[in-house]
Amino acid sequence: MRQDRTAMLYYGEAAFGHFADCAFAALDGGEVVGRAFAIPFAFGVDDRTTLPDAGWDEVIRWGHEDRMLGRRPTTMSALEIALLPKARVSGSSRAMLDALKGCARAKGFAELYAPVRPNQKHLVPRMPMRAYLERRRADGQHTDSWLRTHLAIGGEIVKIAPCSMTIVGTLAEWTQWTGVAFDRAGEIEIPGALVPVLVSAEHAVYVEPNVWIRHPV
Ligand SMILES: CC(C)(COP(=O)(O)OP(=O)(O)OC[C@H]1O[C@@H](n2cnc3c(N)ncnc32)[C@H](O)[C@@H]1OP(=O)(O)O)[C@@H](O)C(=O)NCCC(=O)NCCS
């Protein structure tokens with residue numbers, strides 16, 4: 001996922017400091033065990049009337065453009081919440097989300113958006129996201145734990161972002177990035193990827209769907 005070119009507009013050395021007031025580290029004692037990032041952006045200006053289908057990538061481009069133009073942001077989107085496996089204990093993912101919600105509130109925004117990457121979707125990479133969202137446990141809640149966490153604290157699903165993250169590279173690059181042989185055209189499954197990577201004769205592309213969630217703050 002570090003090969004997403006758009007990510008550089010936020011995580012790159014030239015940009016990163018500009019969004020540091022929307023970045024959090026989770027500490028266990030003195031040790032960093034998690035991180036959370038968000039980006040403010042102007043919503044409702046120009047053609048930004050709905051949340052973008054190109055989710056994660058597009059909201060980074062919007063936030064970057066706003067900063068370049070000196071345009072005042074009106075809201076904020078989460079970009080990442082990640083915990084080390086040993087820190088994935090009861091309540092910690094919720095605490096990370098609360099930190100981002102608190103940040104949005106402190107900036108005077110009415111909501112926090114999030115292009116969410118459902119936690120267990122990688123187990124069924126060929127299932128369309130729409131079908132995945134319909135999966136329920138016996139108690140009627142979503143089977144996906146990360147979606148459940150978002151909804152449990154008041155989030156609401158707005159829509160699917162079908163092409164939230166686009167990662168493209170040559171076959172040699174993909175082999176280097178993943179350790180998997182990209183030696184045939186078609187679809188190749190990569191451990192941890194939410195959908196298969198699409199492979200042609202010259203290049204391969206990963207187009208990750210996410211789920212836009214709105215959190216009133
Ligand atoms: C996303 C992430 C922060 C979520 O943290 P998490 O600790 O896995 O917690 P979740 O919010 O998914 O799950 C919370 C609950 O579901 C349970 N749960 C977690 N995985 C589960 C599974 N596979 N099946 C059933 N239940 C599960 C947890 O025990 C917890 O229950 P509790 O609150 O009753 O104790 C973490 O999985 C992570 O760092 N993933 C890698 C980075 C990533 O993809 N981030 C998402 C970007 S949007």
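**View 1. Ala 26 in strand E1 of the predicted model.** Ala 26 belongs to strand E1, which runs over residues 23-28. With 20 other C-beta atoms within 10 Å, Ala 26 counts as buried, because the threshold for a buried residue is 20 or more such atoms.

**View 2. The contacts of Ala 26.** When neighbours within four places in sequence are set aside, the residues in contact with Ala 26 are Val 32, Val 33, Gly 34, Arg 35, Leu 83, Ala 87, Ser 92 and Met 96. One of these partners, Leu 83, stands 57 residues away from Ala 26 in sequence, yet the two C-alpha atoms are 8.0 Å apart in space.

**View 3. The shell around the ligand.** The ligand has 15 residues around it, and those that come nearest are Arg 88, Ser 90, Ser 93, Ser 145 and Thr 149. Strand E3 (75-83), helix H4 (92-106) and helix H6 (145-152) each contribute at least two residues to this shell, with E3 providing the largest share, four residues.

View 4. Buried residues account for 31% of the 217 residues, and, of the contacts with a separation of 6 or more, 70% join residues 24 or more positions apart.

Notes:
Residues are numbered from 1 along each chain as its sequence is written. This is a predicted model: local features need pLDDT of at least 70, side-chain atom pairs count only at pLDDT 80 or more; totals for chains, interfaces and linings use all residues. A residue is buried if 20 or more other C-beta atoms lie within 10 Å of its own, exposed if 12 or fewer, and partly exposed in between; C-beta atoms are placed from the backbone. Two residues are in contact if their C-beta atoms, placed from the backbone, lie within 7 Å. A residue is near a molecule or strand if its C-beta atom, placed from the backbone, lies within 6 Å of it.
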